[in-house]
Amino acid sequence: MKRIRSISAVAGLAACIFFLNNLRESTVYGANPAPKQEPAADSSSVGRRATVRLPSVPTWSRDVASILYKNCATCHHPGGAGPFSLLTYTDAKRWGPQLMVVTQSRFMPPWLPEPGYGDFADVRRLSDHDRALIKQWVVDKMPQGDPAIAPAPPHYDANWLMGKPDLILKVSHPFTLAGGGGDVFRNFILPYPLTQTHYIRAMEIRPGTPQIVHHANITIDRTASLRRQFPNDWQSGISGMDLMVDAGSRFDPDSHFLFWKPDTPALIEPAGMPWRLDPGNDLILNMHLKPSGKAETLDAEVGLYFTPNPPAKQPMLISLDRDDALDIPAGDANFVVEDSMTLPVDLDVLGVYPHAHYLGRDMQGWAILPDGKKKWLIWIRNWDIDRQAVYRYKEPVLLPKGTVLHMRYLYDNSSANVHNPHTPPVRVRAGNRSEDEMAHLWFQVLPVNVQPGAPDPRLLLEETWMRNRLTKTPNDQVSLYNLAAALAGQGKFTEAVPAFVKELNQSPHDVRTLTALGAALEGAGSWQQAQQRFRSAIEAAGTDDSSACDPRFDLASSEFRHGQPEAAEEFRTEVAACPNDAEALTGLGQIEIEANQTTQAVQHLTAAIRINPSLAEAHEQLARAYGQLGDLQSALAELEKAAELKPDDATIHSSLSQVLAATGSLQQAIDEQRTALKLLEDDADGWNNLGVLEARTGQLPAARDAFQHALRLDPEHPQAKSNLARLQTQN
Amino acid sequence: MVLIFAASDCPISNRYVPEIARLNREFTKQGVRIWWVFPNPEDNSSTVAEHNHAFAITEPTVLDTRQYLVHLAHVTTTPEAAVFTSNGDVLREVYRGRIDDRYFSIGQERPQPQQHDLEAAISAALADKPVPQSGGPPVGCSIVYLQK
């Protein structure tokens, strides 16, 4: 026995020695033999399974090291997220008995989904062979074998896995987690500091002290709503397990699972599916922390990797949920909730994220295909919130239109559930504290088989999703608003108006709803009423300039559309109050082009693009301005950018065709016009323009066909008529 | 006399540091002496000193390099507690086992403990009442026994 300096008080040390002297001479408790190392026999022992063949005496070098390197070392290495390293023989021997216990119980490696119920990527489930092998090795007293044949240990770098990020966001105030007590759920707000939009192809989260972080989830707060909700203490973090953020007033469903767990620090998005950060966005880093026994400081950082390419595919997160039905009696061990939804479009399911708190036990998600076949999407038999994760499918799961998604969650609120936060159990309802419950099954989906030029299928999906939510909670304001917005987005204005009115009845002075209702009225043709609503919205916003941006923009646009001269002044007021509103700058630029104030227009449109480079409209208008200045090359460049951003927009291709024709590139101009007409077939002007271009390149029969096509669409089309007549006299 | 068997590299053992500090505060005035015991061969004086500094451990600590205390107390796990009463020179182990029921098994953990087994045992021993025994097996890391 050794004394540890600087720890023991002198008196304590003396007592210790005294105690040991007693011990040595004690006859009551003489030296006992060391407890035997052999673990007790287990009924599921190796020999029983004929399918598992093991080497007669497994050794670390030949058999065990490779299993540990492949399945455990990603977390269990020095500095890794696991509590100890498993890179050397000494490590493996030290932890051998625990390795056997946790692999037999399947606590490790962490993997909840039942095999055969969803075909997932990055499966962490250990094979029966490997489990049996570890067990046999431990039973055989963990022999090392020949170190010369051991595989080389994997190498882990303490730096960013993907090299230096393009942007690193840090939590402004490091958080100290106390050594004791229960788990902590904390939300840190990381404002996006740049003044232009970027697309993120990958992200890495470095929690600082990964050993205390169970998992972390990032939510994009597009409107910085949480920061506004907690103006005084957002910098030190906000507690809570699930938070709701305000998604803003625009339909912007592009969404990704940004989920960190110890073995996947870098989140690399599939090709063509980067996510987006705009100026003013916040990242909310939601962390589940587990005290380690000592106070730990957490100074998380998030590394972002940019790509210049906007997304080619925009996935969306949708959910089944039954929070409304969660009212779990104390002691009930079998409380079940279910939800289902019929898909209105074909889609690929990319990933799934089941979520409940401590009472969830059995969680199932499946689809009934239109032909009646059942397709499992996930089954977790022993839910454990500590090991929750997002699961991505190895291949996207195609679910055709008409498929019914299902979820069925079972909760155990008895005292037999060791995770139960209450002793004795109490009645539990839905809520975002960890002792409340939740019933969510999230899917990341990508609509497929979309016709070119068709409205965004995600709007129809959103409509269906919100209608489904409203069947359960008919007065849920978020669902009412989102439903109305999805209807308006699809151009179903006459349906959208009453839906917004219904939401407005619950909060009559809501700036956003008033604005959206105005926009729907405008869409339905009642523009005077619309402008009234916009004015009420501006009034309701009062002195809060930022919330008045949208109604001011809509009012100015409406006035512009209806030829009202006050539009210009309205846009100027808005740009002054909302200098980062790229769309307002674009609107102002457009008015200036029409008033021949081209220099100012270029200035405002360039500013708009600096704020939001992916705003196609701004590029289009800037092209017009350059056209007005006679700078056709710049106009061409802007239109090409616009076409890249909105490849399905016929007008942009038409404009491109016009500019190309003016620069003398007639054949390219013809190609662009044909592209435009493929997208918008019944455009008589477009056919007439095509005919003109074809006539100028001497393709007379094609030109005649084009003019005739225009006249079939519009028999009175004057230019097409005279062009056709001129063509016939030329022949 | 209470011995808490621990290992500097065992996460579950470490998570009990604040709980042992609490018990020490609670019982120290009543003459109870709580000791940390580090029995594993790799826990030498410098690793444990560093560990105790990091975890701000103020209770007296011993290295059981020969594992006499392990044999005396019949413990197998870190963390595991042993409570002794003494009558003159004769020591009697009145409790051996888990600190509380927070861990059901490795990976099965209650949000808060419901039964404070060690606390109940100490209280009973102080009151000269029959000492209730541990309600379940200790959960944590096996003690690494010395090679014989």
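Helices α18(A) and α19(A) are roughly antiparallel to each other (an angle over 145 degrees; under 35 would be roughly parallel, 65 to 115 roughly perpendicular and the rest oblique). This is a predicted model, in which local features need pLDDT of at least 70 and side-chain atom pairs count only at pLDDT 80 or more, while totals for chains, interfaces and linings use all residues. Residues are numbered from 1 along each chain as its sequence is written, and chains are lettered from A and ligands numbered from 1 in the order in which they are written.

Two packed helices are described by the angle between their axes and the distance between the axes. Axes are lines fitted to C-alpha atoms, for helices over the stretch in contact, and angles run from 0 to 180 degrees between N-to-C directions. Helices are DSSP runs (H or I, at least four residues), numbered from the N terminus.

| Helices | Angle | Axes |
|---|---|---|
| α18 (residues 666-679) and α19 (residues 684-696) of chain A | about 160° | 10 Å apart |
| α9 (residues 511-523) and α11 (residues 545-561) of chain A | roughly 15° | within 9 Å |

α9(A) and α11(A) are roughly parallel to each other, and their crossing is left-handed. Their contact includes A:Val511 and A:Leu514 of α9(A) and A:Pro551 and A:Asp554 of α11(A). By class, the residues of this contact are 4 nonpolar, 4 polar and 3 charged.

Terms used. Helix = DSSP H or I, 4+ residues; strand = E, 2+ residues; numbered from the N terminus. Left-handed = near helix turned anticlockwise from the far one by under 90°. Contact = placed C-beta atoms within 7 Å. Nonpolar A, V, L, I, M, F, W, Y, C, P; charged D, E, K, R; others polar.
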